[in-house]
Amino acid sequence: MKVLVTGGTSGLGLAMASALAATGATVALTGRSGERAESVAAGLPGATGVEMDVRDESSVARAVDRAWSRLGGIDMLVNNAGIGMRTVNPRFMTQPQGFWEVPPDAFRAVIDTNLTGYFLVAREITPRMLASGGGRIVNISINHSTMRRAGFVPYGPSRAGSEALSRIMAADLRGTDVTVNLLLPGGATVTGMLPQDVTTEGHGFLSPAVMGPPIVWLASDDAAGVHDERIVAAEFGQWLRDRESRQ
């Protein structure tokens, strides 16, 4: 399996890239800094790092070209690159601000990264997948409660938009050999998106490693044909058992 993971230099992206690489997948991980992407990739077996700014279609096109060439094709896209509330309000967990207090430039930056970025990368790679016989797209999402939580503009709307985008992508691609699924942690996760002043001990925060088992499964033969599912990583074991019992 040849996999492109956007935003793969830290957090959920790195956890998924690491899990995939550990099972033998060939992984290209991206970051805005090509140097950092290459440095992180050097720590994973068979991985490669690629510079990509998901907000810029020319950067996306160059990066997909480079990754496709290095990997010899791409079987799976993991749309993960994103920025969180910390970039808008560093104390969003303890001192939330109303939507009317959010600077327009900060709003646009989050939407451009978290929503437009998913669109641009999927738009670039889907025609290649269709032409090469198929592929898999996994879009990373969040809990529905976070999409409507007070003080979470623009992060909540950006992820609500990316989830709607994913559902429409799945509808547009139904009947083809390209599948689209959603994957989310299932709770607040210990990543760089958390404020620096928030302590994680004793608060039930998830480890990014929770994303490993479901993304490895989605890359496996068992997931061939799985389409338009919304998988919660923290509940993956039960979800898989329920799925198997229905078959």
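This is a predicted model: local features need pLDDT of at least 70, side-chain atom pairs count only at pLDDT 80 or more; totals for chains, interfaces and linings use all residues.
In β6, which residue is the bridge partner of Asn139? The answer is Leu182.

Strands of a sheet pair through backbone hydrogen bonds, either parallel or antiparallel. Here the pairing is parallel, and seven strands form an open sheet. Read across the sheet, the order is β3-β2-β1-β4-β5-β6-β7. Two strands stand at the edges: β3, residues 48-51, and β7. Each of these has a single partner strand, so one side of each is left without a neighbour in the sheet. The strands are also turned against one another. Between neighbours the turn is 20 degrees on average, with direction ignored.

Now look at strand β5, which spans residues 135-140. Is β5 mostly covered or mostly uncovered? Mostly covered: six of its six residues are buried. Gly135, Ile137 and Asn139 point one way. Arg136, Val138 and Ile140 point the other way. Residues of both groups are buried.

β5 has a partner in strand β4, residues 76-79. These two strands pair in the parallel sense over four bridges. In one of the pairs, Val78 has Val138 of β5 as its bridge partner. How does the chain get from β4 to β5? The path goes through helix α4, residues 104-132. This β-α-β crossover is right-handed.

β5 is also joined to strand β6, residues 178-184. Six bridges link β5 and β6, and the two run parallel. The opening pair, Asn139 and Leu182, belongs here. Step on from β6 and you reach β7. Three bridges join β6 to β7, again in parallel. Leu184 has Val232 as its bridge partner in β7.

Next come the helices. Two packed helices are described by the angle between their axes and the distance between the axes. For α4 and α6, the angle is about 20 degrees and the axes are 8 Å apart. Angles under 35 degrees count as roughly parallel, and α4 and α6 are therefore roughly parallel to each other. Their crossing is right-handed.

Val153 and Pro154 are joined by a cis peptide bond, with omega at about 15 degrees. Pro154 lies in the loop between α5, residues 144-147, and α6.

Side chains of opposite charge can pair when their charged atoms come close. How many salt bridges does the structure hold? It holds six. One of them joins the side chains of Asp53 and Arg55, at 2.8 Å from N to O. Arg55 counts as partly exposed, at 36% relative accessibility.

Another salt bridge joins Arg230 and Glu163, at 2.6 Å from N to O. This pair links distant parts of the chain, 67 residues apart. Arg230 is in strand β7, residues 230-232, and Glu163 is in helix α6, residues 155-173. Is Glu163 buried or exposed? At 6% relative accessibility, Glu163 counts as buried.

Asp228 forms a salt bridge with Arg167, and the closest N and O atoms are 2.9 Å apart. Arg167 is in helix α6, while Asp228 is in the loop between α7, residues 212-218, and β7. These partners are 61 residues apart and link distant parts of the chain. Arg167 is partly exposed at 34% relative accessibility. Asp228 is also partly exposed, with a relative accessible area of 24%. The pair is part of something wider. Salt bridges that share partners join Arg167, Arg174 and Asp228 into one network.

What is the phi of Asp228? Phi is near 60 degrees, a positive value in a residue other than glycine.

Finish at Ser207, in the loop between β6 and α7. Ser207 is partly exposed, with a relative accessible area of 41%. In sequence, Ser207 and Ala234 are 27 residues apart. In space, their C-alpha atoms are 9.8 Å apart.

Methods. Residues are numbered from 1 along each chain as its sequence is written. Side-chain values use heavy atoms; hydrogens and water are left out. Buried means under 20% relative accessible area, exposed over 50%, partly exposed in between (1.4 Å probe, protein chains only). Two strands pair if DSSP finds at least two bridges between them. A crossover is right-handed if, with the strands pointing away from the viewer, the path from the first strand over the helix to the second runs clockwise. A salt bridge is a side-chain nitrogen of Lys or Arg within 4 Å of a carboxyl oxygen of Asp or Glu. Axes are lines fitted to C-alpha atoms, for helices over the stretch in contact, and angles run from 0 to 180 degrees between N-to-C directions. Angles under 35 degrees count as roughly parallel, over 145 as roughly antiparallel, 65 to 115 as roughly perpendicular and the rest as oblique. A crossing is left-handed if the near helix is turned anticlockwise from the far one by less than a right angle, and right-handed if clockwise.
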